[in-house]
Amino acid sequence: MKIHLRYLAVSCCLALAAVSNLHADFFQDLLNDFKTKRVLLISIDGMHSLDLANYIASNPNSTLATLSQNAYNYTNASTTKPSDSIPATVGMVTGGTPSVAGMYYDDAYNRKWSPPGSACATLGAVIDLKQGIDKFPTLLDAGGIDPAKLPLDPAKGCTPVYPHNMLRVNTIFEVVKATHQRTAYSEKRPAYDFLNGPSGTGVDDLYVPEIAFNNTLTDNLKTKNFDELRVVSIINQIDGKDHTGTVTAPVPALFGMNFQIINAAKKNAPGGYIDSLSTPSVTMTDALNYVDSALGRMVTELKTKNLYNSTAIIITAKHGETALDPTHRSVVLTSVIPAIVNGVQAGLGVKITQKSNAYIWLSDQSKTAAVVAALTQPSNQSLAGIGQVLSGASLKLLFPDPLVDPAVPDIVVVGNVGVNYEPTLSSTVFAEHGGFAENDTHVPLLVAIPGVGQKTVTAPVQTIQIAPTVLGLLRIPPRKLDAVRLQGTDVLPLISFLPWIN
């Protein structure tokens, strides 16, 4: 309540100035000092809302706990469906679900594009948004994207389709840059070129080292070191430099990064939790402490540069991980679902992507009903750990019709809680994501703004609401985002009532 009275007082002064000889510019400057001038967007990949709640309760003097004391804490936030890194990130920076943004997974398919090197002689291309499109995937900087490894678009002169070309709506980076303010972001691989938006130029300072370098994610220390590269990039940007720290540049109005260490700690032995109460393991605790310390360094630098009071910090996650309860972890071989699909007709599963859900693109879409019947046959359903199969009318409640939209999967298999699809039963991957369930989608969402006080919001919200909220905080109309106009994505509740957001 204090912040609202504070703004009310300044607003009253402005009104008084308007009807008196007081110097209105003085009061306007005073009000401007309280306005958010930049947004720092942080994604702690793999983190659950419960992880944040437990950590704050156990560490009341931590950075996360301190930030939460002046923040809107949305405890019932959900990421996109699928909860894969690509559609989830797209959602956060566009305000749109895959149905309007057009990007469904980092390992997907498009029926109207052609494979790389095919000269567009055939239609149907696998979409690789991982290290497979790097020039040098074994190097940390990866050398950028190799156009020879990209799908081709017959409708556009058989030209390569870069990740930013796959995006159907604009991004917050493009909108902020159009107001002549600087943008920056640090991500986990060159494929995050899509952050630039359809223009290809939305991010002024995009730092995208390759996480697959040196098998980073299989080792928590390597992952922590990889995150540290990006933490340093943020601190350099706060200091008025580019991500390298060697070039002077304005402090971005919009910048941020993602952390991978929580994701790694949950995937790698011994896993993230030791019991069904989600008590963190030693390695998970270490990962949480590292992230909290890194955030603390960012906050300290903002304060040192006198930028903290005018910076909003948004903390969320692209996805959670399943299983949240380690006793519910169940491994199903990645060979099971393809065998069922191709049992209907040889070669029918032209692309099948599996983690905690399975996404199926068929070479012959007329066989969809037959495949669904095979998947839901009781013995197959049990063998494949299937909880639900979406196709036809049930699929179209979420996505466009796959008979019309070339990017949409024909079938989505929703696995039972805790099911991970792995190549071997002895897999040491302890958690996965990418699905529709509570474990995959229930993520933290904390919007920290100095002076607003502490507010917990239990109403359900979505991470796609981050995009219009970012623009609102920067006093840019959210409707400048295509997805906001197409889907009516709202600014997060209560944020829209802050005096300086409009």
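1. Because the model is predicted, local features need pLDDT of at least 70 and side-chain atom pairs count only at pLDDT 80 or more, while totals for chains, interfaces and linings use all residues. Residues are numbered from 1 along each chain as its sequence is written, and side-chain values use heavy atoms, with hydrogens and water left out.

2. The axes (lines fitted to C-alpha atoms over the stretch in contact, with angles from 0 to 180 degrees between N-to-C directions) of helix 9 (residues 220-238) and helix 11 (residues 282-304) come within 10 Å and cross at roughly 10°; helices here are DSSP runs of H or I with at least four residues, and strands are runs of E with at least two, numbered from the N terminus. The two helices, helix 9 and helix 11, are therefore roughly parallel (angles under 35 degrees).

3. Across the whole structure, two cavities of 30 Å³ or more are found, a cavity being a set of points on a 1 Å grid over the protein atoms alone where a 1.4 Å probe fits but cannot get out, with lining residues having an atom within 4 Å of a point. The volume, which is the space filled by probe spheres set on the points, is about 60 Å³ for the largest cavity, and the residues lining the largest cavity include T322, S356, F436 and D440.

4. The second largest cavity holds about 30 Å³ of space. Strand 1 (38-44) and helix 5 (85-94) each supply at least two residues of its lining, and helix 5 gives the most, with three residues.

Methods
Angles under 35 degrees count as roughly parallel, over 145 as roughly antiparallel, 65 to 115 as roughly perpendicular and the rest as oblique. On a 1 Å grid over the protein atoms alone, a cavity is a set of points where a 1.4 Å probe fits but cannot get out, and a pocket is an open set with protein on both sides within 12 Å along at least five of seven lines; lining residues have an atom within 4 Å of a point.
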